[in-house]
Amino acid sequence: MSVNPIDIYVRGGVVAMDLPTPYFPVAMPPVSVEAVGAEVKRFSVGDRVWTTNQGLLGRQGTFAEQIAVDEKWYSRLPDSVSYEDAAACALVGVTAHLGLFREAQLQTRRERVW
């Protein structure tokens, strides 16, 4: 796990938002599920998952020893992707996706309007 620029920006106040006290940074952990609640449907103990939504908007980051996260914030991490690669690529992948699809309005062939 590592600290990404967004973690530094939030902690430094560049991206202004209220932070819980104490504040644990790190927004993008690839992890293995250690326990699930009774209502969890998508994941089981031992599943490999990742997220990009911790450490923001009042949620604690993942430098804490353990975190409890709603399953809606997680996606399955394929076995072919190492935890290290997921941690290194998550931020740039999400940034590229937002830039291409939200900002540049890139569309798949099925979405194109000619």
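User: In what order do the elements of the protein chain run from the N terminus on?

Analyst: This is a predicted model, and its protein chain has two helices and three strands. Read from the N terminus on, these elements run in the order α-β-β-β-α.

User: What share of the residues in the protein chain is buried?

Analyst: A residue counts as buried when its relative accessible area is under 20%. Among the 114 residues of the protein chain, the share that is buried comes to 25%.

User: Which residues form a nonpolar patch on the surface together with Tyr9?

Analyst: Tyrosine 9 lies in helix 1, which covers residues 5-12, and with a relative accessibility of 40% it counts as partly exposed. The nonpolar patch to which Tyr9 belongs has about 320 Å² of accessible area in total, and its other members are Ile8 and Val14.

User: Where is glutamine 105 placed, and is it buried or exposed?

Analyst: Helix 2 spans 83-103, and glutamine 105 belongs to the segment after it. Because its relative accessible area is 60%, glutamine 105 counts as exposed.

User: What is the phi of glutamine 105?

Analyst: Most residues other than glycine have a negative phi. Glutamine 105 is not a glycine, and yet its phi is positive, at about 55°.

Note on methods:
Residues numbered from 1 in each chain as written. Predicted model: local features only at pLDDT ≥ 70, side-chain atom pairs only at ≥ 80, totals over all residues. Heavy atoms only, no water. Patch = residues over 30% accessible without salt bridge, like charges linked within 9 Å, V, L, I, M, F, W, Y side chains within 5 Å. Areas by Shrake-Rupley, 256 points an atom, 1.4 Å probe, with all protein chains shown as cover. Salt bridge = Lys/Arg side-chain N within 4 Å of Asp/Glu carboxyl O. Helix = DSSP H or I, 4+ residues; strand = E, 2+ residues; numbered from the N terminus. Buried < 20%, exposed > 50% of the residue type's maximum accessible area, 1.4 Å probe, protein only.
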